[in-house]
Amino acid sequence: MSPLSVKPIRLSDLKVGAVARFHEAKLDKASCGLLRALGLTKSCEVRLCKGGEPCIVQVRSTRIGLSKTVAGGIYVIPQTPTAA
């Protein structure tokens with residue numbers, strides 16, 4: 001499946017342990033700026049470590065705790081595992 005055929009989903013809907021690429025944040029300007037400062041930038045890879053409240057994601061080598069509301073405003077494109 002090509003990456004273009006996969007529709008973005010809310011980060012809060014990603015399964016724990018799944019990897020995705022950041023697509024966009026539908027949040028206020030200040031929150032978007034804070035997320036960028038924390039490393040959540042265009043097309044970066046994220047892994048959902050824990051769902052719920054707080055939602056914990058790994059971005060590069062850092063784990064970030066997000067409220068359920070913020071996680072619901074972040075859209076990602078799930079990555080399909082590649083065969084070894």
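1. Lys26 counts as exposed, at 53% relative accessibility, where exposed stands for over 50% relative accessible area, buried for under 20%, and partly exposed for what lies in between (1.4 Å probe, protein chains only). The side chain of Lys26 meets that of Glu24 in a salt bridge, at 4.0 Å from N to O, the term being used for a side-chain nitrogen of Lys or Arg within 4 Å of a carboxyl oxygen of Asp or Glu. Glu24 is partly exposed, with a relative accessible area of 30%.

2. Please keep in mind that this is a predicted model, in which local features need pLDDT of at least 70 and side-chain atom pairs count only at pLDDT 80 or more, while totals for chains, interfaces and linings use all residues. Residues are numbered from 1 along each chain as its sequence is written, and side-chain values use heavy atoms, with hydrogens and water left out.

3. A search of the whole structure finds two salt bridges, and one of them joins the side chains of Glu45 and Arg21 at 3.6 Å, N to O. This pair links distant parts of the chain, since Glu45 lies in strand β3 and Arg21 in strand β2 (residues 19-25), 24 residues apart. Glu45 is partly exposed at 42% relative accessibility, and Arg21 is also partly exposed, at 32%.

4. Six strands form an open, antiparallel sheet in the order β1-β6-β2-β3-β4-β5; strands here are DSSP runs (E, at least two residues), as helices are (H or I, at least four), numbered from the N terminus, and two strands pair if DSSP finds at least two bridges between them. Because β1 (9-10) and β5 (62-66) stand at the edges with a single partner strand each, one side of each is left without a neighbour in the sheet.

5. Strands β3 (residues 45-50) and β4 (residues 55-59) pair over four bridges, with Lys50 partnered by Ile56 in β4. Between β4 and β5 there are five bridges, and Cys55 stands opposite Leu66 in β5. The hairpin of β4 and β5 has two residues between the strands, and Arg60 takes a positive phi near 55° there.

6. The largest nonpolar core has 19 residues, and Leu40 and Leu66 are among those with the most contacts inside it; such a core is a set of buried Ala, Val, Leu, Ile, Met, Phe, Trp, Tyr and Cys residues joined through side-chain atoms within 4.5 Å.
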